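Work through these exercises with the structure open beside you. Try each task before reading its solution.

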Amino acid sequence: MASAYPTANRIHGKTARRLLLMVTFLLGTSMGCGSSNSPATQEKLQFVVDANWIAYKEQYSIPSGGLAVYFETPSGAYFASSGMPPGVDQNTHFRVASNTKTFTAAAIMLLYEQGKLQLDDTIVSNIPGTTTPYVPDTTAYNIPYKNSITIRQLLGHLAGVFDVTNNPIPDTCAVPYAGKLYLNYVRYELGDDNHQFTFDELVGVVANCQLSHYPPGGNYKYSNTGYSLLGKIIERVSGLSYDQFIIQNLIVPNSLSATSVPVLGTDTSIPSPYVDGYSFDQVTLTNWTIDNMSGNNAEGNIISTQADLALWVKRLLTGNAGISPVGVNMMKTLSAASGYTCGLGITYEKGLGYGKDGAHNGFLSLMLYDPDDDVTMVIYFNILDYNITAQAALMTKVAREAKHTLGY
């Protein structure tokens, strides 16, 4: 396992924009073993992982990084990796990126089942039993269509909320960061790399420029900033900070001892044991192991391991993580607008199951649980390639081939 890393290089200007814009969607040479698994099957799994990664690395001239796969099946647990440092296994920490959204969605569903919020309330409605609205009645939250946006729409990416983290601010907005990614502008142009981003600040950018992808309700548009709004709602409804609520109500009760929720701009490291994470833009390899994740709170900031994520996604989708089976079925209901691939905080991949994917500078990951055969998988790369389409295709290909190799 990696125990130290070089000082993180930073990418500026167009390169940084390209790397951050590609955030959307996953999969060393060590072998692990679980209970009652077959050495022959393990060897076949290793072959699948090696063959796919080596071919991809050669085709796209990837200078570093690798992939790791972890499966829990009725016949045993299996781990394989290719290109990873020695010692990496299912207990190695990495940044799980948008897999964080499953925790945020579960938190919202938990509050819903406790009667503390209603999914079809608008974000300006009062919290049940109070005269306090879900979001503050301030200029920072005066976003377009706020009177029509519901909590359910935010969960399913159907609210049309402009995504500050993945989209440059339009040139038509009279602000210093027009035409730029807001997080890049603050961290690199202003030189405030450890800036403490807040929900108020990120949503305030949307309000200040009156940005929207479209009116809520009709179309699907992935929005990290929509989940920033959900993070704020969790705090106002529960009276706890986002990280406190997630830790107390989801992480501790589900025994996710290797999972953490960094929220501070200065909390930039990854707990040991960890693996370094890189990004590659076809020219420059950049180490992003050290990173300020405060701009991604509630939508991409959590750190975990394959073992913890496998435990989490299976417990969540089997109704054992604190959300009732009825609530889980609500989360699993897929929207036509998303092409029947996205529910409330979770996604669906035919033949592989329900779960989520995630991408952030340095890491791409996927966690899925298939209720049809009781198979859980967690796959990740410790490199984010600029050719995200090809890397995402490799992720799905490895997932399917590995599952088939294991007999499912």
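Helices (H or I, at least four residues) and strands (E, at least two) are DSSP runs, numbered from the N terminus. This is a predicted model, where local features need pLDDT of at least 70, side-chain atom pairs count only at pLDDT 80 or more, and totals for chains, interfaces and linings use all residues. Residues are numbered from 1 along each chain as its sequence is written, and side-chain values use heavy atoms, with hydrogens and water left out.

**Exercise 1. Backbone angles**

Task: Find where His157 lies and state its phi.

Solution: 
- Start with the place. His157 sits in the loop between helix H4 (151-155) and helix H5 (182-189).
- Next, read the angle. Phi of His157 is positive, about 60 degrees, although His157 is not a glycine.
- Recall the general rule. Most residues other than glycine have a negative phi, and most peptide bonds are trans.
- Now check burial. Buried means under 20% relative accessible area, exposed over 50%, and partly exposed in between (1.4 Å probe, protein chains only). His157 has a relative accessible area of 4%, so His157 is buried.
- Gln282 has a positive phi of about 80 degrees and is not a glycine. Gln282 is placed in the loop between E5 and strand E6 (285-287).

Task: Which residues does a cis peptide bond join?

Solution: 
- The bond joins Ser272 and Pro273, with omega about -5 degrees.
- Pro273 belongs to the loop between helix H8 (242-251) and strand E5 (278-280).

**Exercise 2. A proline in a loop**

Task: Describe the surroundings of Pro128.

Solution: 
- Locate Pro128 in the loop between helix H3 (100-113) and H4.
- Take the accessibility. Pro128 is partly exposed because its relative accessibility is 32%.
- List the contacts (heavy atoms within 4.5 Å). Leaving out residues up to four places away in sequence, Pro128 touches Gly115, Lys116, Leu117, Gln118 and Tyr134.

**Exercise 3. A disulfide and a helix**

Task: Which cysteines does the disulfide join?

Solution: 
- A disulfide is a pair of cysteine sulfur atoms within 2.5 Å. The structure holds one.
- The disulfide joins Cys173 to Cys209, with S to S 1.9 Å.
- The pair links distant parts of the chain, 36 residues apart: Cys173 is in the loop between H4 and H5, and Cys209 is in helix H6 (residues 199-209).
- Both Cys173 and Cys209 are buried.

Task: Why is H6 largely enclosed by the rest of the structure?

Solution: 
- Count the buried residues. Nine of the eleven residues of H6 are buried, so H6 is largely enclosed.
- Look for the cover. The buried residues of H6 are covered by elements including H5, helix H7 (224-238) and H8.
- Step past the end. Just after H6, Gln210 has a positive phi of about 50 degrees.
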